[in-house]
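Here are a few notes to read alongside the model. Have a look at it first, then work through the points in order.

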Amino acid sequence: MVNLSGRYSFCANKISQYSFFDSEGVLNTTYGNIASEQNIGLNGFVNVNLGQKTRIYSNLSAGYVMLESKTRGLSNGGFQFNTFTGMQHTLPLDLRLSLNFMYNTGHYQLDGHMDGMCALMGGLNKSFLDDKLSIGISGVTGFEKGGAIRVGMSTKGADYVNNFSTTVPLARVGINLSYRFGTAQNIQVKKAKHSINNDDVMQKSSGATNTGTSVQGQ
């Protein structure tokens with residue numbers, strides 16, 4: 001299965017971040033309706049069944065963004081991409097294995113760019129008692145040293161350049177346990193005791209015209 005859709009958007013007064021030096025030489029960062037933005041791109045979803053036990057899927061988005069502020073004399077833009085891609089496979093003993101990969105190139109701001117990130121996630125699950133009880137183990141890791149992810153951002157104005165970077169620990173392993181109570185079958189909605197009948201048709205009888213709303217009991 002493949003599902004693709006195109007998109008285009010335009011905003012004439014986008015709220016955008018910008019920075020400036022005040023009279024005391026302090027760099028201030030604030031927000032304002034100062035930018036125009038055009039965004040054109042493509043969204044997609046792909047699902048491929050490789051037999052009865054394996055499937056591969058991917059959510060993805062790709063596009064180009066253009067930002068401009070005439071009041072601040074700034075412009076920026078570029079290509080942006082992100083995806084969440086994975087696979088699921090049923091192993092012997094009805095063990096369900098899943099592996100997922102997340103990646104994005106970051107996004108553009110009026111005065112800079114925020115770096116992207118990537119991470120790998122996986123899990124192994126087993127169901128019992130007619131799928132009511134589920135037990136599994138899952139994990140996630142980044143691609144920096146020690147399984148971390150790096151978060152970075154750079155901004156630039158007419159009289160300043162600012163770079164920021166930090167590393168966030170991400171690697172972890174967890175055990176999941178869930179139990180489903182009850183069933184969703186044979187659920188009936190109780191019928192209302194009264195109903196309202198709106199009669200908007202003009203009725204003529206003996207030279208008189210009547211309209212109204214009647215309440216009927218059931």
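Which side chain does the side chain of Ser19 make a polar contact with?

1. The partner is Thr29, with the two side chains 2.9 Å apart at this polar contact. The term covers a pair of N or O atoms within 3.5 Å; within protein, one must be able to donate a hydrogen and the other to accept it, and residues adjacent in sequence count only if both atoms are side-chain atoms.

2. A quick word on the source: this is a predicted model, where local features need pLDDT of at least 70 and side-chain atom pairs count only at pLDDT 80 or more, while totals for chains, interfaces and linings use all residues. Residues are numbered from 1 along each chain as its sequence is written, and side-chain values use heavy atoms, leaving out hydrogens and water.

3. Back to Ser19: you'll find this residue in strand E1, residues 2-21 (strands, E, are DSSP runs of at least two residues, numbered from the N terminus). Ser19 has a relative accessible area of 9%, so it counts as buried (buried means under 20% relative accessible area, exposed over 50%, partly exposed in between, with a 1.4 Å probe and protein chains only). Setting aside neighbours within four places in sequence, Ser19 is in contact with Leu27, Asn28, Thr29, Arg72, Asp111 and Tyr160 (contact means heavy atoms within 4.5 Å).

4. Leu4 is in strand E1 too, but Leu4 is exposed, at 54% relative accessibility. Not counting residues up to four places away in sequence, Leu4 touches Leu42, Asn43 and Gly44. Ser61 is 57 residues from Leu4 along the chain, and their C-alpha atoms are separated by 9.7 Å.

5. How many salt bridges does the structure hold? There are two (a side-chain nitrogen of Lys or Arg within 4 Å of a carboxyl oxygen of Asp or Glu). One joins Lys14 and Glu37, with the closest N and O atoms 3.7 Å apart. Lys14 sits in strand E1 and Glu37 in strand E2 (residues 27-49), so this pair ties together parts 23 residues apart in sequence. Lys14 is partly exposed at 27% relative accessible area, whereas Glu37 is buried at 17%.

6. Arg150 and Asp115 also meet in a salt bridge, at 3.5 Å from N to O. Because Arg150 lies in strand E10 (residues 149-156) and Asp115 in the loop between strand E7 (112-114) and strand E8 (117-128), the pair ties together parts that are 35 residues apart in sequence. Arg150 is partly exposed, at 35% relative accessible area, and Asp115 is partly exposed at 28%.

Terms used. Helix = DSSP H or I, 4+ residues; strand = E, 2+ residues; numbered from the N terminus.
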